[in-house]
Amino acid sequence: MADHPDATVRAQVARHPNTPAAVLGVLAPEFPQVVLANPALPLLRLADPHLLRGWPDGAFHALLRLPDVPAWIRTHLIRHGRTELLIPLAQHPALQEPEVLSLARHAAWLVRARIAARPDLPPDLLAALAADPDYGVRLAVASRPSLPAGVAALLREDTSRFVRQVAEQAHPAGH
């Protein structure tokens, strides 16, 4: 039934409380909101705390397009997600401060760069990201529309010519 050619039937399967967790994962790319609203999902999570590990990446991409992706899914991705999933997660507006701080320490520079581009970061995190070992992260910080003066000054003196150029254009000295 999950492969039925009629989308209405597939949506009904996604909503049905007897649908196995693995099938919900297969249907999540097409019906993310319906899968999240499945009345059995909380019980399935209790029965198998690792149920999301078998879900395809497409399910997570669809869930991350939702403005209200649940915290338990974000937590799963931070703990177990591949970098390809953490990059869009780092941009998600629903992230809470502990999640942002965790992702700001991730090994992949692209994840840290997406965090650096978030609009509301505390000054201490901006300063830490401005000193990141990867110039791509520092470039993301330098590209921000506003920076604390000390962070802008630090980036105008960066070891990377690209970072210095962007910092000088976006945050000229004396302005």
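This is a predicted model: local features need pLDDT of at least 70, side-chain atom pairs count only at pLDDT 80 or more; totals for chains, interfaces and linings use all residues.

Reader: Why is Arg112 called buried?

Author: Its relative accessible area is 9%. Buried means under 20%, exposed over 50%, and partly exposed in between (1.4 Å probe, protein chains only). The value for Arg112 falls under the buried cut-off, so the word applies.

Reader: Where is Arg112, and what does its side chain reach?

Author: Arg112 sits in helix α9, residues 109-116. Helices are DSSP runs (H or I, at least four residues), numbered from the N terminus. The side chain of Arg112 reaches the backbone oxygen of Ala107 at 2.9 Å. A polar contact is a pair of N or O atoms within 3.5 Å; within protein, one must be able to donate a hydrogen and the other to accept it, and residues adjacent in sequence count only if both atoms are side-chain atoms.

Reader: Which residues does Arg112 contact, leaving aside neighbours within four places in sequence?

Author: Among them are Leu103, Ala104, Leu129, Asp132 and Asp134. Contact means heavy atoms within 4.5 Å.

Reader: What makes α8 oblique to α9?

Author: Helix α8 (residues 97-104) and α9 pack at about 140 degrees, with axes 8 Å apart. Axes are lines fitted to C-alpha atoms, for helices over the stretch in contact, and angles run from 0 to 180 degrees between N-to-C directions. Under 35 degrees counts as roughly parallel, over 145 as roughly antiparallel, 65 to 115 as roughly perpendicular, and the rest as oblique. An angle of about 140 degrees belongs to the rest, so α8 is oblique to α9. Val100, Leu103 and Ala104 in α8 meet Val111, Arg112 and Ile115 in α9.

Reader: How do you know which classes meet in the contact of α8 with α9?

Author: Ala, Val, Leu, Ile, Met, Phe, Trp, Tyr, Cys and Pro count as nonpolar, Asp, Glu, Lys and Arg as charged, and the others, Gly among them, as polar. The contact has 5 nonpolar, no polar and 1 charged residues.

Reader: What makes α10 roughly parallel to α12?

Author: Helix α10 (residues 123-130) and helix α12 (residues 149-156) pack at about 5 degrees, with axes 10 Å apart. That angle makes α10 roughly parallel to α12. Leu126, Ala127 and Ala130 meet Val151, Leu154 and Leu155.

Reader: What is the largest nonpolar core, and which members touch the most others?

Author: A nonpolar core is a set of buried Ala, Val, Leu, Ile, Met, Phe, Trp, Tyr and Cys residues joined through side-chain atoms within 4.5 Å. The largest has 52 residues, and Trp55, Ile115, Leu129, Val141 and Leu155 touch the most other members. The largest share, 5 residues, comes from α7.

Notes
Residues are numbered from 1 along each chain as its sequence is written. Side-chain values use heavy atoms; hydrogens and water are left out. Helices (H or I, at least four residues) and strands (E, at least two) are DSSP runs, numbered from the N terminus.
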